[in-house]
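Please open the model in your viewer and keep the selection tool at hand.

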Amino acid sequence: MSLPFIVFFVCAFLAVLGALTLILAREPIHSALALILVMVSLAVLYLLLGAEFIAAVQVIVYAGAIMVLFVFVIMLLNAGIEERTDFSKLAKYAGLPLGMFLILFLAHWMAHSLIGQQVANGVAGTNVSVATRDLSHQLFQTYLFPFEATSILILIAILGALVLAKKDE
Amino acid sequence: MSIVPISYYLVLSAILFGLGIVAFVFKRNIITIFMAIELMLNAVNLAFVAFARAHDQLDGLVFVFFVIVVAAAESAVGLAIIITLYQNRQTLNIERINLLKF
């Protein structure tokens, strides 16, 4: 068992644990903290895949900005313990088995897809900084127009959030 | 040099996406449902990065960047909607927010 495998399995375990905690926790704040755990372990996996820029963006934007927004809203609205409700018979007898089947089928299909058998990746190492430089070339040359369009999108989102959240006069 | 096969990442991505769907369907708090959407986006991002690595193409990483930007915009607007909803209905339970329910 080499080091990348150990890192992968530890992070994968933490990610799945966080996702399960998100489902099982009854306080929304516990779910938010579990989601932060998932995001940080995914950032470590991105590092393992050699995508260091994406890992940094994951921690700063997702685990930082977005989750702070979530926690802020949970605190602001004073979200308490979630009420459990019985779900319908259809969900219990058809939804649960079908959902489990979907998960298993997706995992099986991905594990046995062509790409999974043939391609193996290296550890993050020699060409990491090159990858980030190439990524910036892609981002600011090939994808320059979509990149600029996202700034318009962000602007619209800010305006939309302000208009929605302001108090009515 | 030791290696972790791409398929491992893809399986993890599928599991996280499935758990995201489960959380989306079963949770009753609207904020937690929003978090389930973020979890699914994260799972898709992991698949993007794994495939980008497998093909030695950087387009996948650029797509992850755009997905993160769209997720940020989406959560800003969505949480504003949730605040407005709470001001109007005084609840976060989706069982009580059933005006459009058939």
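Begin by selecting the residues through which the two chains meet: 68 residues from chain A and 59 residues from chain B take part in the contact, two residues being in contact if their C-beta atoms, placed from the backbone, lie within 7 Å. Residues are numbered from 1 along each chain as its sequence is written, and chains are lettered from A and ligands numbered from 1 in the order in which they are written. This is a predicted model, in which local features need pLDDT of at least 70 and side-chain atom pairs count only at pLDDT 80 or more, while totals for chains, interfaces and linings use all residues.

Next, colour the side of chain A that touches chain B by element. H1, H2, H3, H4 (89-112), H5 (114-118), H6 and H7 of chain A each give two or more residues to that side; helices here are DSSP runs (H or I, at least four residues), strands are E runs of at least two, and both are numbered from the N terminus. H3(A) provides the largest share, 11 residues. By class, this side of chain A holds 54 nonpolar, 11 polar and three charged residues. Ala, Val, Leu, Ile, Met, Phe, Trp, Tyr, Cys and Pro count as nonpolar, Asp, Glu, Lys and Arg as charged, and the others, Gly among them, as polar.

Chain B has three helices and zero strands, in the pattern α-α-α along the sequence. Its C-alpha atoms fill a box of roughly 55 × 25 × 25 Å along the principal axes. The radius of gyration of chain B is 17 Å, whereas a compact globule of 102 residues would have one near 13 Å; the radius is taken over C-alpha atoms, and the globule rule is 2.2 Å times the number of residues to the power 0.38. Of the 102 residues in chain B, 55% are buried. A residue is buried if 20 or more other C-beta atoms lie within 10 Å of its own, exposed if 12 or fewer, and partly exposed in between.

Select residues 30-55 and 59-89 of chain B, which are H2(B) and H3(B); their axes come within 9 Å and cross at roughly 175 degrees. The axes are lines fitted to C-alpha atoms over the stretch in contact, with angles running from 0 to 180 degrees between N-to-C directions. H2(B) is therefore roughly antiparallel to H3(B), a term for angles over 145 degrees. Residues making this contact include Phe34(B) and Leu41(B) of H2(B) and Val64(B) and Ala71(B) of H3(B). The contact residues divide into 15 nonpolar, four polar and two charged.

Turn to the largest nonpolar core, which has 74 residues. Such a core is a set of buried Ala, Val, Leu, Ile, Met, Phe, Trp, Tyr and Cys residues joined through C-beta atoms within 7 Å. H2(B) gives the most to this core, with 14 residues. Ile31(B), Leu39(B), Val49(B) and Leu61(B) have the most contacts inside the core. Centre the view on Ile31(B): not counting residues up to four places away in sequence, Ile31(B) touches Pro28(A), Phe70(A), Val73(A), Ile74(A), Ala79(A), Ile82(B) and Leu92(B).

Finally, select Asp56(B), in the loop between H2 and H3 of chain B. Asp56(B) has a positive phi of about 55 degrees although it is not a glycine. Most residues other than glycine have a negative phi. Asp56(B) is exposed, with 10 other C-beta atoms within 10 Å.

How values were computed: Parallel < 35°, antiparallel > 145°, perpendicular 65-115°, else oblique.
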